[in-house]
Amino acid sequence: MSTLFVLIFLASIIWFFIALRKDKKTGGKTTRKTWYILIVAVISFMLIGSSAKNKSKEKNTKSQQSSSKKSNSKVVKNSSSSVSKNSSSSKSSPSVKTEPLKSRINSALLKHLTEDQGFANGTLDENGKPLPNGETRTPNDVFAWSKSISKMVYYDAGTDAIKIYFTEDAMKNLSKSEGLKVAQSAQSMAAGTLFSEVAESTKEQNKIEKMFDLDTAHKMKPYVVLCDNNGNEIARTSAWDNQFKPKDFQ
């Protein structure tokens, strides 16, 4: 359309000068017809400018729309990629479920305590297998502490902990200093169990060590709650280093 207006403008401006020249030759006065030709030239020139502006606006609008579409396309692709990555990550790194883990902790603690009591009573061989025909061997005094413990279980003490139960006989017969040594031995056994007998993967092992603060600051031992055979609390380890406080056994 702008091309047509350009042609009209050029034709009318040429026609105007020709008519103006003719008017000068004939009478020296510019006729009304000549002025009409000039008006046509001016109008066509204005239409050329208007058409050019409209074209520029259309180009800008199209350019913006194209840019917006590309941007939206990238956002959609990135979002899709992010969802895909999160889904893939979720599948490849499943979260460790705590409840089954606690159950396995309890099973492993029971197994180790039973074995240690078997060594202490001389009813197991060096591989932890029961001796045949009810035979016994010389009791191993290294594991004598285990006979003073009735059970050891996971316990939520406001933080992940191991609850250690003294037997009724231990409560009656052990001195406080002897009770401290038994509690420390039981805590060391619990630490060994948590480090080596529970986790089924590296991720689970990392979770266990984080749950029980099994690091050098806490002496590589779990937080412990010590109680009598009825579950009544006697003492707790320090929250700073997971060590038993001597004052509790004086």
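## Close-up views of a predicted model

A search of the whole structure finds 8 salt bridges, a salt bridge being a side-chain nitrogen of Lys or Arg within 4 Å of a carboxyl oxygen of Asp or Glu. This is a predicted model, in which local features need pLDDT of at least 70 and side-chain atom pairs count only at pLDDT 80 or more, while totals for chains, interfaces and linings use all residues. Residues are numbered from 1 along each chain as its sequence is written, and side-chain values use heavy atoms, with hydrogens and water left out.

**View A. Glu126 pairs with Arg137 in a salt bridge.** The closest N and O atoms of Glu126 and Arg137 are 2.9 Å apart. Both residues sit in the loop between α3 and β1, 11 residues apart; helices (H or I, at least four residues) and strands (E, at least two) are DSSP runs, numbered from the N terminus. Glu126 is exposed at 58% relative accessible area, whereas Arg137 is partly exposed at 38%. Here buried means under 20% relative accessible area, exposed over 50%, and partly exposed in between (1.4 Å probe, protein chains only).

**View B. Lys247 and Asp248 meet through their side chains.** Their salt bridge spans 3.6 Å, N to O. Lys247 is exposed, with 56% relative accessibility, and Asp248 is partly exposed, with 25%. Elsewhere, salt bridges that share partners join Arg104, Glu200 and Glu204 into one network.

**View C. Strands β3 and β4 form a hairpin.** Strand β3 (residues 224-227) runs antiparallel to β4 (residues 233-236), and 3 bridges join them; strands pair if DSSP finds at least two bridges between them. Val225 has Arg236 of β4 as its bridge partner. Between the strands lie 5 residues, and in this hairpin Gly231 takes a positive phi near 90°. Arg236 also forms a salt bridge with Glu233, with 2.8 Å between the closest N and O atoms. Arg236 is partly exposed at 24%, and so is Glu233 at 45%.

**View D. The largest nonpolar core has 30 residues.** Such a core is a set of buried Ala, Val, Leu, Ile, Met, Phe, Trp, Tyr and Cys residues joined through side-chain atoms within 4.5 Å. Ile105, Ile149, Met152, Ile162, Ile164 and Phe212 touch the most other members. Elements giving two or more residues include α3 (98-121), β1 (149-156), β2 (160-166) and β3. The most come from α5, with 7 residues.

**View E. Ile162 and its contacts.** Leaving aside neighbours within four places in sequence, Ile162 is in contact (heavy atoms within 4.5 Å) with residues including Ile105, Leu109, Met152, Ala190, Phe212 and Val225.
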